[in-house]
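Thank you all for coming; I would like to take a few minutes to walk through one structure with you. Please have a look at it first, and then we will go through it site by site.

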Amino acid sequence: MTTPATIEFLPARGTDLEAVEGTLVVFAAADGVLGPAASEIDEAMGGALTRAVGDDFKGKPGTARSISYPGGMAAKRVILAAIGDDPDRTAARKTGSAIAKVLAKGDVTLCPAGLADDKLVAEMLWAMILRLYDFNDFKTDDEAKDNARAVAVVTPRLAGLQKAFAPFRALAEGVFFTRDLVNKPANVLTTNSFAKELKALEKLGVEVEVLGERELKKLGARALLAVGQGSASESKIVVMKWIGSKRKQAPLALVGKGVVFDTGGISLKPAGGMEDMTMDMGGAGVVSGVMKTLALRQAKANVIGVVGLVENMPGGKAQRPGDIVESMKGDTVEVINTDAEGRLVLCDALWYTQQEFEPQGVIDLATLTGAMVIALGHHRAGYFSNDDKLAGQFGEAADLVGDDAWRMPLGKPYADQLKSRLADLKNVGGRPAGSITAAEFLHRFIQDGMPWIHIDIAGVASVSSATELAPKGATGWGVAALDQLVRTRMER
Ligand code: BES
Ligand code: ZN
Ligand code: ZN
């Protein structure tokens, strides 16, 4: 398990900066004027910081410069960073990320004295901690395994900053949980071990129920079961309930695609890049991370997380192209391509969720289509909605936390691409608008009047080069956005 660094907050008075070991981070203003802590150590450093700001360090927001083995200091490194004169949340995150990027291993002490707003300092610290994520569960050499570091923040406003940072702690835990799940290979994260990891959320007060194949058969979840029938691991639906509101509040439902590995099934994927399909449970990973965050911060809201866990394998028992399956809703689906499996998992998970919990709204997340990556690349997730109010709230929440997203259209002509000669619909609608026809497939399983968002995270769940807040690999995209949505929609 990867745990976010804990931060110890220390009072500025009585802390001797020249004696701090490890890395010391101090700040300068946009015009290059040294902040209070930077001025304090500049003399001991023989004016090195003054020389840096007079030279090429212009104090541009989001910059960080590392100076090694500075004279007069116990620290091995001093980092001079800048957040800008009138920073917003974006500038704060950029600065935290820049600091993390130049940070060597070992302990770090930050001195944000002079930076006005506690909320922005907290946001900067959050970005730094997220960017420092280092997944090493499968490394065996000691150096690679050693990623423990103590983070201290020296501040004149101890209580204010501690309070501002508190909610970020729970959020970081949730994001790290998601990233760990998404980074794990499919021989380790099977449907069974995934369910076990979710069961462990009970310790935090989440109610967790695991439905196995016997229960799913009884419920008629034949579309979901058909996807997993070629696998040796049992298909499951796991329900996580967080009942944090004392009011009678219909829950918000989060539903995730949890394909622990997607070979494509009999419509086998090509070998090149197939290993990336360990991340095809990314939607379920985000739902799990949000549930963990809500429990850790004791959110005053009722939220139900539902994940469909299956493995899409070829084999003698696997479903075939041309098979017709009956979904839990009762609609029949002609399976043209067994690689379009996510929608088969979600149609039953969505139907079950609406029948069982009568939610106030449903949001599903899935690494659903390659076409989404073609449309928006790895920069933004695409979202689809039948409800402008919910979509607007989500868009604002995502903007605020920096989980970039773009609203995509729905519409009858796209739904019409799914017409089948033999069944009620088929599971693919051809190449044009592949993400939209996938969304329309899901739309058919949303009850009339139910506010719904489908978020296709195929491009953003895991990335091959580092982003602002994540190293290569799993990003945890969406955990912060959904946590924020719960705050704005349900907790006020
Ligand atoms: N899991 C994939 C989608 C995917 C692709 C996720 C790339 C992340 C990165 C999904 O199950 C799939 O295979 N979709 C097919 C659908 C097609 C057969 C209609 C696709 O996108 O090619
Ligand atoms: Zn697939
Ligand atoms: Zn898939």
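Let me begin with a word on contact, by which I mean heavy atoms within 4.5 Å. With that in mind, and leaving aside neighbours within four places in sequence, Asp 403 is in contact with Ala 398, Trp 477, Gly 478, Val 479, Ala 480 and Ala 481.

Before I go further, some conventions: this is a predicted model, in which local features need pLDDT of at least 70 and side-chain atom pairs count only at pLDDT 80 or more, while totals for chains, interfaces and linings use all residues. Residues are numbered from 1 along each chain as its sequence is written, chains are lettered from A and ligands numbered from 1 in the order in which they are written, and side-chain values use heavy atoms, with hydrogens and water left out.

Back to Asp 403, which sits in the loop between α13 (388-401) and β15 (405-407); helices here are DSSP runs of H or I with at least four residues, strands are runs of E with at least two, and both are numbered from the N terminus.

Not counting residues up to four places away in sequence, Thr 475 touches several residues, among them Val 175, Arg 179 and Ala 470.

Now to the metals, where donors are N, O and S atoms within 2.8 Å of the metal (3.2 Å for Na, K and Ca), and where water is not among the atoms, so sites may look incomplete. The zinc ion (ligand 2) is coordinated by Asp 262 (OD), Asp 339 (O), Asp 339 (OD) and Glu 341 (OE), at 2.0 to 2.2 Å. Of these residues, Asp 339 is partly exposed, with a relative accessible area of 22%, whereas Glu 341 is buried at 0%.

As to geometry, four donors count as tetrahedral if all angles lie between 85 and 135 degrees; four count as square planar and six as octahedral if opposite donors are over 155 degrees apart and all others between 65 and 115; anything else is irregular. The site of the zinc ion (ligand 2), with 6 donor atoms and angles of 70 to 167 degrees among them, is irregular.

Which residues coordinate the zinc ion (ligand 3)? They are Lys 257 (NZ), Asp 262 (OD), Asp 280 (OD) and Glu 341 (OE), at 2.0 to 2.4 Å. Lys 257 is buried, with a relative accessible area of 2%, and Asp 280 is likewise buried at 2%. The two zinc ions, ligand 3 and ligand 2, are 3.2 Å apart, with Asp 262 coordinating both. Around the zinc ion (ligand 3), the 6 donor atoms subtend angles of 78 to 172 degrees, which makes the arrangement octahedral. Lys 257 lies in strand β9 (residues 252-262) and Asp 280 in the loop between β9 and α10 (282-296), so the pair ties together parts that are 23 residues apart in sequence.

Finally, the salt bridges, of which a search of the whole structure finds 23. One of them joins the side chains of Glu 123 and Arg 93, at 2.7 Å from N to O. Because Glu 123 lies in helix α4 (residues 118-131) and Arg 93 in helix α3 (residues 89-102), this pair ties together parts 30 residues apart in sequence, and both residues are buried.

Terms used:
Buried < 20%, exposed > 50% of the residue type's maximum accessible area, 1.4 Å probe, protein only. Salt bridge = Lys/Arg side-chain N within 4 Å of Asp/Glu carboxyl O.
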